[in-house]
Amino acid sequence: MTEPDFEPPYLFPDYRATQLRAPRRELVRLPDEWFHHRRGPAFGRVPVKAGDSDLTRQHSGEPLGERIILTGRVLDGDGRPVRHTLVEVWQANAAGRYVDPVDTHPAPLDPNFTGAGRCLTDDEGNYRFVTIKPGAYPWRNHRNAWRPAHVHFSLFGPQLASRLVTQMYFPGDPLIPFDPILSSIADARGRDLLVAKFDPGTTEPEWALAYRWDIVLRGRDATPSEG
Amino acid sequence: MTVPTPSQTVGPFFGFAMPFEGDAHAVAPGSDGAVRIEGQVFDGAREPVPDAVLEVSDGQQFARCGTDAEGAFHFTVRKTPYLDVLVLARGLLRHLATRMYFPDTDLSDDPLMRLVEPERRHTLVASATKGGLRFDIRLQGEEETVFIQL
């Protein structure tokens with residue numbers, strides 16, 4: 001049985017930057033064992049400290065905005081947890097501004113918020129970040145273009161084919177239907193996979209709303225078997 | 001249901017988050033067997049791509065480097081027959097994968113090279129320079145790099 005595949009195409013003209021960057025030649029299809037099943041990067045050199053998963057405590061004061069918990073499981077193609085794998089996140093602040101010097105949006109920076117975090121998944125493949133809800137921000141893709149609020153995620157997993165860099169969106173965001181980046185995924189079921197769910201069970205009373213977002217990586221942790 | 005989570009672009013604003021200390025050096029520069037690799041990333045208009053980040057690995061070694069205003073990147077690695085290379089950038093909804101062969105690797109029986117038209121094979125091979133190796137990546141157009149279907 002072939003798994004449904006909701007990957008976006010490289011060329012999606014509505015997202016203008018793809019037009020000069022998407023390859024036009026056919027990509028080479030290799031047998032999986034020649035590339036896809038090769039051991040993924042040993043990311044052990046990327047430093048991960050215990051406090052890196054709490055983006056609200058990286059400065060002397062608390063950042064402005066709505067404090068949230070982002071949590072979920074990282075699974076492989078067989079639905080098994082991907083343990084102790086690196087999860088990197090980055091995002092805009094509550095006003096929709098990135099610390100990155102490339103960002104020129106005239107919204108305020110927050111001296112108490114950088115917006116970058118890292119953690120390793122636990123024995124059950126769980127990750128957990130505390131952060132603030134990012135704001136929407138304008139971009140120049142087309143007239144009056146605004147990105148829906150999102151958090152960037154980067155994951156490694158066990159194999160070269162497991163590498164995933166993507167974005168997580170928030171449920172009910174009115175900008176979602178207008179976003180060419182999310183709309184590049186043609187099938188609504190695929191777009192839904194990138195939208196977190198409000199998680200009342202993990203929400204902490206008098207403290208923070210929680211959102212749950214599970215991630216499925218390509219490839220399998222176990223020795224490949226045919227069948 | 002275990003449908004793989006789809007990819008989205010790394011965007012332009014990763015420069016404050018993805019770099020880490022010594023990220024471009026899988027081995028210490030100047031150490032025994034260390035090789036410096038330099039290159040540039042170009043788009044379909046032959047313009048440099050200043051907002052890409054590359055990752056190279058061979059199972060043991062791993063290094064990451066963002067491109068600068070000239071689209072330039074550099075790595076220091078231990079010599080190996082080839083490196084797997086991932087390219088992430090604004091405008092790439094999914095990362096691209098390719099392979100960089102060291103110039104003296106015997107490619108006569110290489111399974112990947114056999115699948116590539118002979119006139120495009122050179123896009124996968126680094127060239128020797130005075131200080132190390134040169135490997136440019138062309139995302140599109142004439143001399144487009146051979147990329148691997150993920």
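1. Let me start with B:Arg46, which is exposed, having 12 other C-beta atoms within 10 Å. B:Arg46 sits in the loop between β1 (34-42) and β2 (52-57) of chain B. Although not a glycine, B:Arg46 has a positive phi of about 60°. Most residues other than glycine have a negative phi.

2. Before going on, a word on provenance: this is a predicted model, where local features need pLDDT of at least 70, side-chain atom pairs count only at pLDDT 80 or more, and totals for chains, interfaces and linings use all residues. Residues are numbered from 1 along each chain as its sequence is written, while chains are lettered from A and ligands numbered from 1 in the order in which they are written.

3. A:Glu206 also deserves a look. Its phi is positive, about 60°, and A:Glu206 is not a glycine. You'll find A:Glu206 in the loop between β9 (197-198) and β10 (209-212) of chain A. With 4 other C-beta atoms within 10 Å, A:Glu206 is exposed.

4. On to chain B overall, which has one helix and nine strands; these are DSSP runs numbered from the N terminus, with helices being H or I of at least four residues and strands E of at least two. Read from the N terminus, the order is β-β-β-β-β-β-α-β-β-β. The radius of gyration of chain B is 15 Å, close to the 15 Å from the globule rule for 150 residues, so chain B is as compact as a globular protein of that length. Here the radius is taken over C-alpha atoms, and the rule is 2.2 Å times the number of residues to the power 0.38. Buried residues account for 45% of the 150 in chain B.

5. Now the interface: 62 residues of chain A are in contact with 49 residues of chain B, contact meaning C-beta atoms, placed from the backbone, within 7 Å. On the chain A side, β2 (86-91), β8 (164-169) and β11 (215-216) each supply at least two residues. The most comes from β8(A), with four residues.

6. Last one: A:Asp32, in the segment before β1 (67-75) of chain A. A:Asp32 is partly exposed, with 14 other C-beta atoms within 10 Å. Its C-alpha atom and that of A:Pro106, 74 residues apart along the chain, are separated by 46 Å.

Methods: Contact = placed C-beta atoms within 7 Å. Buried ≥ 20, exposed ≤ 12 C-beta atoms within 10 Å, placed from the backbone.
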